[in-house]
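Here are some notes on the model you sent. They are kept to a few local features, in numbered points.

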Amino acid sequence: MPSYAHKKAFLYRNPDELEEIVSILIKNGHVINPATHLSDIKDILISEGKIEKIADSIDGDYETIDATGKIVSPGFIDLHVHLREPGFEVKETIESGTKAAVAGGVTTVVCMPNTKPAIHDVETVKFIQKKAKEAGYARVEIAGAITKDISGQEQAPIDELIDAGIISVSDDGRTTPILDMMKEAFRKIKRKKLCLMAHTEDEALAKHGCMNEGERSRQLGLIGIPNAAESNIVKRDIELCHETDSRLHVCHVSTKESMEHIIKGKSEGKSVTVEICPHHFILTDDIVEADDAYSKVNPPIRAEKDRDFMIECIKEGHIDCIVTDHAPHEDATKKVPYEKAAFGICGIETSFALSYTYLVKAGHITLEKLVDLMSYSPGKIIGVDRGNIAEGHVADLTIIDLNQSYEIDSNKFYSKGKNTPFNGYTVNGVIEHTLVNGKVVFRR
Ligand SMILES: [Zn+2]
Ligand SMILES: [Zn+2]
């Protein structure tokens with residue numbers, strides 16, 4: 001089996017400084033572009049950060065990438081990423097997290113506000129924007145906090161945060177308990193047509209559980225988190241969104257009951273979208289072992305019936321995008337007893353390969369559909385004009401070799417986090433090149 005990690009990846013720092021490379025020609029790749037229903041062998045000429053031309057054959061004296069036998073996809077857009085900076089730089093930094101992103105083919109991330117300080121003031125928004133620009137890997141969009149310190153107690157200055165450039169609000173990590181604060185947030189984001197990204201967890205029902213409530217939690221003697229802890233709040237938030245005529249985006253869905261509320265809400269014309277993480281459509285709680293907290297995540301990995309229903313929902317088009325909820329942690333908070341360990345899975349470098357292997361190769365959806373779920377569709381949710389390989393559009397691209405397989409080994413991640421339950425899984429789909437704004441920021 002060829003192992004991708006034996007070849008040293010080649011990363012350019014700071015693509016903005018590579019002014020000497022003004023044009024790049026990508027030859028002979030299979031271009032998949034859901035926005036224009038393109039799936040064909042094409043050449044792509046990139047000039048000054050934009051896609052200048054797409055044609056059957058383009059020749060000329062350009063820096064050339066031979067994409068023969070490879071897929072050329074819009075760069076992936078991951079709406080749910082914890083970059084951890086400021087405050088938790090031991091887990092991840094904006095630089096290490098965006099480097100990991102481009103290694104996973106992700107060209108835009110939305111970073112979540114549960115940093116320290118939380119992203120609840122303009123200074124922190126500006127700090128992240130500056131750090132992201134200095135790092136120069138993936139583009140970083142920001143979800144600002146709904147409440148100060150994600151405490152659920154005092155409203156954050158949402159109008160100011162919007163003016164500073166956030167693209168969404170969220171108290172991710174917790175559910176905002178006070179209804180009036182949620183309604184106020186829904187009303188404020190309407191002004192700029194943003195969405196509210198909701199972490200849906202009824203803390204009274206979750207009762208500090210550490211895994212899914214079911215047969216396996218009883219076997220292990222661990223406190224379980226019932227499905228209703230999620231679905232009750234999903235139902236609540238759909239109602240609040242409808243009442244305020246605003247937009248709701250449900251984070252990391254994991255249960256059948258939640259999806260039933262969402263499907264009903266969508267069928268009634270309510271403005272709700274939903275994301276899912278690979279661990280929720282691949283794994284079941286049978287894999288949980290009390291001495292290995294790499295599988296501990298919130299919401300937890302659920303039962304088989306939920307996992308199977310998630311796959312049906314993806315097939316039926318009820319799910320709008322695939323995200324990672326990339327949540328890196330240092331081993332000091334993970335290599336401890338399950339009930340004491342931190343929640344979170346480090347997933348941004350494995351998301352495409354896992355999704356390709358378990359959704360496309362497994363025969364559930366087409367490659368075109370997967371590319372849509374990871375690029376064009378999430379781009380539409382946050383209203384950015386990316387995820388579209390068309391002339392005149394920004395050149396954020398990912399080149400993938402689907403024929404190569406490799407074994408996941410988190411010791412080789414660019415992320416500081418090594419916490420994944422997928423170590424040892426054999427997957428297909430190697431990210432070969434990632435381009436942001438027409439510059440190569442990652443090369444395998
Ligand atoms: Zn969350
Ligand atoms: Zn999260």
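1. The model is a predicted one, and local features are reported here only where pLDDT is at least 70.

2. Strand β1 covers residues 23–33 and pairs with β2 in the antiparallel sense, over nine bridges. Within this pairing, Ile24 stands opposite Ile46 of β2. The two strands form a hairpin with four residues between them. In that turn, His37 has a positive phi of about 55°.

3. Strand β2 spans residues 38–47, and seven of its 10 residues are buried. Strand β2 also runs antiparallel to β3 (residues 50–55), to which five bridges join it.

4. Arg307 belongs to helix α10, which comprises residues 304–316. Is Arg307 buried or exposed? Arg307 counts as buried because its relative accessibility is 16%, and the cut-off for buried is under 20%.

5. What does Arg307 touch beyond its neighbours within four places in sequence? Arg307 is in contact with His280, Phe281, Ile282, Leu283 and Thr284. For Ile282 there is also a polar pair: its backbone oxygen lies 2.8 Å from a polar atom of the Arg307 side chain.

6. A further distance concerns Lys256, which is 51 residues from Arg307 along the chain. The C-alpha atoms of Lys256 and Arg307 are separated by 8.2 Å.

Conventions
Residues are numbered from 1 along each chain as its sequence is written. Chains are lettered from A and ligands numbered from 1 in the order in which they are written. This is a predicted model: local features need pLDDT of at least 70, side-chain atom pairs count only at pLDDT 80 or more; totals for chains, interfaces and linings use all residues. Side-chain values use heavy atoms; hydrogens and water are left out. Buried means under 20% relative accessible area, exposed over 50%, partly exposed in between (1.4 Å probe, protein chains only). Two strands pair if DSSP finds at least two bridges between them. Contact means heavy atoms within 4.5 Å. A polar contact is a pair of N or O atoms within 3.5 Å; within protein, one must be able to donate a hydrogen and the other to accept it, and residues adjacent in sequence count only if both atoms are side-chain atoms.
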